[in-house]
2 protein chains.
Amino acid sequence: MAANIGRPLEFDPDTALEAAMQQFWSKGYEHTSMQDLLVAMNLSKSSLYQTFGGKQPLFRRCVYRYTDQVAQGLGQGLAKAPSGRRFIEGFLNSILKEAQDRHGPRGCLVMNTATEFAQSEPEIAHDVAQSIDRFRDVLQGAVERAQSEGEIPRERDSQMLANYLVSSMSGLKAQSKAGADAARLKGIIALTLKALD
Amino acid sequence: MAANIGRPLEFDPDTALEAAMQQFWSKGYEHTSMQDLLVAMNLSKSSLYQTFGGKQPLFRRCVYRYTDQVAQGLGQGLAKAPSGRRFIEGFLNSILKEAQDRHGPRGCLVMNTATEFAQSEPEIAHDVAQSIDRFRDVLQGAVERAQSEGEIPRERDSQMLANYLVSSMSGLKAQSKAGADAARLKGIIALTLKALD
DNA sequence: TGTGTTATGGACTTATCGTTCCATATTTAG
DNA sequence: CTAAATATGGAACGATAAGTCCATAACACA
């Protein structure tokens, strides 16, 4: 496939992609210029175009990468968690930490993308919907584990609960980004968990 | 104050502002160009700059206008509602209608603005935080009315419940914008209401 | 009617955007 | 050592953005 002939790349595409993702996550698509990307990724314009095809294709790869990382991270967290319920609690509480992150609260890249593009770009809207369903599926696994462990009533619809958790996460991250303090977020989280009983 | 001397305006500033707000709500700040605004508002560039000062000041006035309209609309809805609880249910269910709106699901202009600017523009972040608190205050009134009517337990913290409702609304609107269908939204709404019991 | 005041339309300016292109550098295969 | 292939750096391009400026139009008042 990839011919091993010719001059070799002077950068690691994966590292560059990660840097681009961080930029888009912090500033959104429109507020990130090519210049910003070139600096963050530490490569030349030609290399960016040759390797990633341009700004928009790069962005879509970043959203995909983010989705993978988050879904995979949640899956691993669930595997290690002492119980499904505890995992869900930890998942919601982790939003509190984001506010103290060095980047500040950046929200969820997928939902940020939905806000920026869902209305105008059908292809990106499709990516977003797929990402959301991936998050939902992992959380549904957590709900079902909690049900099997007796921490959530078995008769509840696990898929709906998972949809609810995705929606709640999105709301919480938006509140955090909009300046809500820790006390407010904690209160919202506590109420959110009530719906699981 | 406003001198009534000189050539009179050929447009109604309030109508123009409403048109600008609809544009910003539909497309966001960056995706709305001056050209878009001039067409939507039906006025000349000079008039826009003279009357509104430029794109950013116009945008902030639009966000303020939106906040006023929503807060006032909620207040009137609450006054007419048969009960506090019923008002809250109607408030959440109204998000379902937005998806069938001729504009499509546009989310909440205030939260869209938070997503686009909270990280980079402190002044706008301040406006956003104020708007959120105004929404919260109206909803807190609804919660307290429901408590006095025996539909929500009196011992619950009405302010926290109101914060929770704001966050839930924001999450729901984001899900709607991201393509969630009516069934999914209804399920989330039903779960959201459980937290009030 | 004339003067001061504000509004309007449109040309113009300046900056920045994403993208393309080409000459040059660096590698592998034969 | 040569030729083919790929990567890189930087100049140049076309488009579009927001914002400014000025000549002209339309009013109120005296």
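In α1(B), the buried residues (under 20% relative accessible area) are B:Ala16, B:Leu17, B:Ala19, B:Ala20, B:Met21, B:Phe24, B:Trp25 and B:Ser26. This is a predicted model, in which local features need pLDDT of at least 70 and side-chain atom pairs count only at pLDDT 80 or more. Residues are numbered from 1 along each chain as its sequence is written.

**Exercise 1.** Find which helices the buried residues of α1(B) pack against, and check the span of α1(B).

*Solution.* Start with the partners: the buried residues of α1(B) pack against α2 (34-41), α3 (45-52), α4 (55-80), α5 (84-98) and α6 (109-117) of chain B. Now the span: the expected value is 1.5 Å times one less than the number of residues. Just after α1(B) comes B:Gly28, with a positive phi of about 80°.

**Exercise 2.** Decide whether B:Val39 is buried or exposed.

*Solution.* First place the residue: B:Val39 belongs to helix α2 of chain B. Its relative accessible area is 60%, and exposed means over 50%, so B:Val39 is exposed.

**Exercise 3.** Classify the packing of α7(B) with α8(B).

*Solution.* Take the geometry first: α7 (residues 122-148) and α8 (residues 158-177) of chain B pack at an angle of about 125°, their axes 8 Å apart. That makes α7(B) oblique to α8(B), since angles under 35 degrees count as roughly parallel, over 145 as roughly antiparallel, 65 to 115 as roughly perpendicular and the rest as oblique.

Methods:
Chains are lettered from A and ligands numbered from 1 in the order in which they are written. Side-chain values use heavy atoms; hydrogens and water are left out. Axes are lines fitted to C-alpha atoms, for helices over the stretch in contact, and angles run from 0 to 180 degrees between N-to-C directions. Helices (H or I, at least four residues) and strands (E, at least two) are DSSP runs, numbered from the N terminus. Buried means under 20% relative accessible area, exposed over 50%, partly exposed in between (1.4 Å probe, protein chains only). Contact means heavy atoms within 4.5 Å.
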